[in-house]
Amino acid sequence: MRKWQNNPLFRFLSSLKLAVISILTLAAVLAVATVLESLYGMRGAHALVYGQLWFYGVLGMLATNVLCAALSRYPWKRHQIGFVVTHLGILILLFGSYLTMQFGVDGNLPVVQGQSDSEVILNNLQLFVSDP
């Protein structure tokens with residue numbers, strides 16, 4: 001075991017207790033955000049939840065926990081490949097969500113049942129795509 005792996009802060013950040021707290025917190029926040037989105041639309045949910053600094057904090061807390069949990073087993077052995085790949089996948093998903101929140105484009109494609117449409121609505125702008 002490495003010296004930094006014995007640090008009490010590192011042991012807390014890599015603990016299962018923090019993982020459970022992080023996942024339950026994220027699940028509760030996303031449930032509330034889903035209800036807010038159904039009541040106030042996507043812009044309302046973004047203004048109240050997804051665009052807030054504390055939401056980045058919740059995602060950051062989960063990412064820190066996942067990274068520290070993976071590092072707590074370093075150096076990895078052959079039988080831990082699944083563990084490492086799973087934790088790396090979660091980190092990639094969280095990084096992708098961060099990139100989407102920073103640089104993504106959000107839009108709507110309203111489609112009526114039985115009809116097709118090619119108009120995407122982007123923040124009061126319209127993008128028309130035609131297929132010749």
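**Pockets and ring pairs in a predicted model**

Starting with the largest pocket: the residues of its lining divide into six nonpolar, six polar and three charged. This is a predicted model, so please hear every value that follows as computed.

The volume of that largest pocket is about 470 Å³. Its lining is made of 15 residues, and those nearest the centre are His46, Tyr50, Thr100, Met101 and Asp106. Which helices each supply at least two residues of this lining? They are α2, which runs 16-50, α3, which runs 53-71, and α4, which covers 81-103. Of these, α2 gives the most, with five residues.

Now the second largest pocket. The space in it comes to about 170 Å³. If you want to find it on the screen, look for Tyr56, Leu59, Gly60 and Ala63, then Leu91, Leu94, Phe95, Ser97, Tyr98 and Met101; together these residues line the second largest pocket. The largest share comes from α4, with six residues. By residue type, the lining of the second largest pocket has eight nonpolar, two polar and no charged residues. Met101 turns up in both places: it is among the residues nearest the centre of the largest pocket, and it also lines the second largest pocket.

Next, the aromatic rings. Two rings are taken as a pair if their centres lie within 6.5 Å, and by this rule the count comes to five aromatic pairs. Take tyrosine 50 and phenylalanine 55. Their ring centres are 5.5 Å apart and their planes meet at 75°. An angle over 60 degrees counts as edge-to-face, so that is the label for this pair. Are the two partners buried or exposed? Phenylalanine 55 has a relative accessible area of 4%, which is under the 20% limit, so it is buried. Tyrosine 50, at 21%, is partly exposed. Tyr50 and Phe55 also belong, with Trp54, to one aromatic cluster. And Tyr50 is one of the residues that lie nearest the centre of the largest pocket.

A further pair is tyrosine 74 with tryptophan 76. Here the centres are 5.0 Å apart with the planes at 85°, so this pair is edge-to-face as well. Both partners are partly exposed: tyrosine 74 has a relative accessible area of 35%, and tryptophan 76 has 37%.

One more ring to look at is phenylalanine 83. Arginine 73 lies over its face, at 4.4 Å from the ring centre. Arg73 is also touched by glutamine 80, which touches Pro75 too, leaving out residues up to four places away in sequence. Where is glutamine 80 found? It is in the loop between α3 and α4. Its relative accessible area is 11%, so glutamine 80 is buried, with 20% as the limit.

Last, the strand. Leucine 122 lies in β1, which is residues 119-122. Leucine 122 is partly exposed, at 22% relative accessible area.

Note on methods. Residues are numbered from 1 along each chain as its sequence is written. This is a predicted model: local features need pLDDT of at least 70, side-chain atom pairs count only at pLDDT 80 or more; totals for chains, interfaces and linings use all residues. Side-chain values use heavy atoms; hydrogens and water are left out. Rings of Phe, Tyr and Trp (its six-membered ring) pair if their centres lie within 6.5 Å; planes under 30 degrees apart count as stacked, over 60 as edge-to-face and the rest as tilted. Buried means under 20% relative accessible area, exposed over 50%, partly exposed in between (1.4 Å probe, protein chains only). A charge sits over a ring if NZ of Lys or CZ of Arg is within 6 Å of the ring centre and within 35 degrees of the ring normal. On a 1 Å grid over the protein atoms alone, a cavity is a set of points where a 1.4 Å probe fits but cannot get out, and a pocket is an open set with protein on both sides within 12 Å along at least five of seven lines; lining residues have an atom within 4 Å of a point. Grid points are joined across faces, edges and corners, and a volume is the space filled by probe spheres set on the points. Helices (H or I, at least four residues) and strands (E, at least two) are DSSP runs, numbered from the N terminus. Ala, Val, Leu, Ile, Met, Phe, Trp, Tyr, Cys and Pro count as nonpolar, Asp, Glu, Lys and Arg as charged, and the others, Gly among them, as polar. Contact means heavy atoms within 4.5 Å.
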